[in-house]
Amino acid sequence: MLRFGTLGAAAITPRALIYPCLDEPQASISTIAARDRHRAEAFAEQHRIRHVVEDYQAVIDSDRVDAVYIPLHITAHHEWTLKALAAGKHVLCEKSLAANASEAAEMAAAAGAADRVLMDAFHYRYHPVFLRAREILESGELGEISTIDAAFHIPVKDPDNIRMRYETGGGVTMDIGCYPISWVRHLTDLEPAQVSATAELGPPKVDLKLESDMLFPGGIRATTSGDMRPTTTFKAEFTVTGSRGSLRVLNPLTPQSGHRIELVVDGETHLETRDRRPTYGYQLDAFLAAVNEGATLATDGADGAKQMAVIDRCYEAAGLPPRGLPQ
């Protein structure tokens, strides 16, 4: 039994960890702390978490905790991941893994030194929908791949939303635009050789929209788009174009909410779907396999450092600073 402690009572926690643990006899959440103890107690009662402790460090130090889940604001990920790893705990950390590539590289190195699992929580990567997309590309049936276009748009209408604060790692690229970047990296299994980007700002240094254009080794060109402007409409999809056809995946992010795989090869269209089990369940499976069996993670700390390096390059290309710099 792998026992999790969670830092904070974030809204994502039930979907990302609590509900998957209910379906998994080999995992549970034993302990929680939040900045407000009353909030932690209410959250614990609602979700049947037995132990509420005083602060985040008490979660990490608890002998009832084997792994720590970190859904805190992004600029807190580095500090608490390093503390958890130093205490011998495995870490499941929400994306983006860190505020910048330098922090992520330090976190990955610490996980290696401690011989602990560090997982960047890109849950989509473990679902059969994305695995099928990779299978199609690897089969060669699309011919020579020329372009990938990926986008995730969702409106954010609250000007006080944490995504609007630079000091906590705000910006669309850190929150949702990181997904299209991850999609194209994991579809190609490559890192971009060239990156250009343009951004539309809201608060100072906070991107509401960022579009990137990347050239990968072998000549594949990828565009990504993240948009959280209040007037945008929902979009989550990617399209891969090759010399023999195309692949379009609608909702690779949370296919449990509905999805479609559209494959066109030599003029013939094929429509596919996969199961509706949540991505977070597959993510927990992968985390347990890494902890218990030493299985390799597709989104481990090393991959998280590469992901953050691309995000830093996008910000630089758009004329913006990486997150996590002194104010």
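Colleague: What does the accessible surface of the protein come to, and what share of it belongs to carbon and sulfur atoms?

Modeller: About 13,700 Å², with 49% belonging to carbon and sulfur atoms. Keep in mind that this is a predicted model.

Colleague: What makes the protein as compact as a globular protein of that length?

Modeller: Start with the make-up, which is 10 helices and 14 strands. The globule rule gives 20 Å for 327 residues, and the radius of gyration is 20 Å, close to that value, so the protein is as compact as a globular protein of that length. Along the principal axes, the C-alpha atoms fill a box of roughly 60 × 45 × 40 Å.

Colleague: How many of the 327 residues count as buried, as a percentage?

Modeller: 56% of them. As for contacts between residues at least 6 apart in sequence, 67% join residues at least 24 apart.

Colleague: Why are α4 and α5 called roughly parallel?

Modeller: Two packed helices are described by the angle between their axes and the distance between the axes. Helix α4 (residues 77-86) and helix α5 (residues 101-114) pack at about 10°, and their axes are 10 Å apart. Angles under 35 degrees count as roughly parallel, and α4 and α5 therefore get that label.

Colleague: Which residues make that contact?

Modeller: From α4 you have His77, His78, Thr81, Leu82 and Leu85, and from α5 there are Glu103, Glu106, Met107, Ala110, Ala111 and Ala114. By type, the contact of α4 with α5 has six nonpolar, three polar and two charged residues.

Colleague: What makes helix α1 "mostly covered"?

Modeller: Helix α1 runs over residues 13-22, and seven of its 10 residues are buried. The buried ones are Thr13, Pro14, Ala16, Leu17, Ile18, Pro20 and Cys21.

Colleague: And what do the buried residues of α1 pack against?

Modeller: Quite a list: the strands β1 (2-7), β2 (27-33), β4 (67-70) and β5 (90-93), plus the helices α2 (37-47) and α9 (279-293).

Colleague: How do you know that threonine 13 counts as buried?

Modeller: Threonine 13 sits in helix α1. The cut-off for buried is under 20% relative accessible area, and threonine 13 has 0% relative accessibility, so it counts as buried. Leaving aside residues up to four places away in sequence, threonine 13 touches Thr6, Ile18, Phe43, Tyr69 and Pro71.

Colleague: Why is serine 225 called buried?

Modeller: Its relative accessible area is 10%, and buried means under 20%, so serine 225 is buried. Serine 225 lies in strand β10 (residues 221-227). Again not counting residues up to four places away in sequence, serine 225 touches Ala150, Ala151, Phe152, His153, Pro180, Lys209, Leu210 and Glu211.

Colleague: What about glycine 281, is that buried or exposed?

Modeller: Buried: glycine 281 has 9% relative accessibility, against the cut-off of under 20%. Glycine 281 is in helix α9. Its C-alpha atom and that of glutamate 316, 35 residues apart along the chain, are separated by 35 Å.

Colleague: How does aspartate 36 come to be called partly exposed?

Modeller: Buried is under 20%, exposed is over 50%, and partly exposed is in between. Aspartate 36 has a relative accessible area of 40%, so it is partly exposed. Aspartate 36 is in the loop between β2 and α2.

Colleague: What makes aspartate 115 exposed?

Modeller: A relative accessible area of 61%, and exposed means over 50%. Aspartate 115 belongs to the loop between α5 and β6 (118-120). Its backbone deserves a look too: phi is near 55°, a positive value in a residue other than glycine.

Colleague: And where is aspartate 266, and what is its phi?

Modeller: Aspartate 266 is in the loop between β13 (260-265) and β14 (268-272). Its phi is near 50°, again positive in a residue other than glycine. At 53% relative accessibility, aspartate 266 counts as exposed, since the label needs over 50%.

Colleague: Which peptide bond is cis, with omega near -15°?

Modeller: The one from lysine 95 to serine 96. Serine 96 has its place in the loop between β5 and α5.

Note on methods. Residues numbered from 1 in each chain as written. Predicted model: local features only at pLDDT ≥ 70, side-chain atom pairs only at ≥ 80, totals over all residues. Heavy atoms only, no water. Axes fitted to C-alpha atoms, helices over the stretch in contact; angles between N-to-C directions. Helix = DSSP H or I, 4+ residues; strand = E, 2+ residues; numbered from the N terminus. Parallel < 35°, antiparallel > 145°, perpendicular 65-115°, else oblique. Contact = heavy atoms within 4.5 Å. Nonpolar A, V, L, I, M, F, W, Y, C, P; charged D, E, K, R; others polar. Rg over C-alpha atoms; globule rule 2.2 N^0.38 Å. Buried < 20%, exposed > 50% of the residue type's maximum accessible area, 1.4 Å probe, protein only. Areas by Shrake-Rupley, 256 points an atom, 1.4 Å probe, with all protein chains shown as cover.
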